[in-house]
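Please look through the structure below from one end of the chain to the other. The paragraphs after it go through its elements, its pairings and its surface in turn.

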Amino acid sequence: MLLFVGLNEYNHSQFISGHFFGATKNIGNYQIVFAPYPALPLAGDNSTLLNLSILDKTNKNLNSIDASLIIKNKMNDSIIHEFPFKFYDFSDITFPYTFKEVGDYRISLLVKINGDPTYSHTPLSADFDISAANPNQIIPTDELIIYYLLPGLAAVAGVVIYLRHKKKI
């Protein structure tokens, strides 16, 4: 019985999908989602991932696409890095990239969509802005929560428990 349910669910592709969630642009019948990780990349951090998802009008992933990504300096529009076109089976794609300098950048995703009369030869293009922050001047969100917010909340909870124990509140 369990095997039947598992196979039945496997045959229904609407149960097997995942997307990135972030800044969204609608272009024609497609939706492009940009979700960098971390949300505010740090210059020199080699763990930055530029996650993108290309969805159709029914909010489902596309299959068999060719994609390229161009990273430009937003101030002078010079190309900093270019990922050449590459075939992807699935339209949730990730580009690892290390921003070498603090600054504002524009990423341009180019996608050739197999089977689309317009975008199979002329790529769909979507631009997103992103900034690389100075790692010495910002407190990352995870550090802020772990080192400052949680101890602060624990101290407040400790004071409340102490005052309740002494019947002062």
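Helices (H or I, at least four residues) and strands (E, at least two) are runs assigned by DSSP, and they are numbered from the N terminus. Tyr148, for instance, lies in helix H2, which covers residues 141-165. The model is a predicted one, in which local features need pLDDT of at least 70 and side-chain atom pairs count only at pLDDT 80 or more, while totals for chains, interfaces and linings use all residues. Residues are numbered from 1 along each chain as its sequence is written, and side-chain values use heavy atoms, with hydrogens and water left out.

The chain has two helices and eight strands. Read from the N terminus, the order of elements is α-β-β-β-β-β-β-β-β-α. A contact here means heavy atoms within 4.5 Å. Among contacts between residues at least 6 apart in sequence, 58% join residues at least 24 apart.

Strands of a sheet pair through backbone hydrogen bonds, either parallel or antiparallel. Two strands are said to pair if DSSP finds at least two bridges between them. Asn63 has Phe90 in S5 as its bridge partner.

Strand S3 (residues 49-55) has pairings of its own. Strand S2 (residues 30-37) runs antiparallel to S3 and is joined to it by seven bridges, with Ala35 opposite Asn51 in S3. S3 also pairs with strand S6 (residues 92-96), in the antiparallel sense and over five bridges; here Ser53 stands opposite Asp92 in S6. A residue is buried under 20% relative accessible area, exposed over 50%, and partly exposed in between (1.4 Å probe, protein chains only). Six of the seven residues of S3 are buried, so this strand is largely enclosed by the rest of the structure. Over the chain, buried residues make up 28% of the 169 residues.

Next come the charged side chains. A salt bridge is a side-chain nitrogen of Lys or Arg within 4 Å of a carboxyl oxygen of Asp or Glu. By this rule the count comes to two. Asp129 forms a salt bridge with Lys74, with the closest N and O atoms 3.0 Å apart. Asp129 lies in strand S8 (residues 124-132) and Lys74 in the loop between strand S4 (63-73) and strand S5 (79-90), so the pair ties together parts that are 55 residues apart in sequence. Arg106 also forms a salt bridge with Asp129, the closest N and O atoms being 2.9 Å apart. This pair links strand S7 (residues 103-113), which holds Arg106, to S8, which holds Asp129, 23 residues apart. Asp129 is partly exposed at 43% relative accessible area, Lys74 is partly exposed at 36%, and Arg106 is partly exposed at 25%.

The surface comes last. Accessible areas come from the Shrake-Rupley method with a 1.4 Å probe, and for residues only the protein chains shown count as cover. The chain exposes about 11,100 Å², of which carbon and sulfur atoms supply 58%. Tyr148 is partly exposed, with a relative accessible area of 48%.
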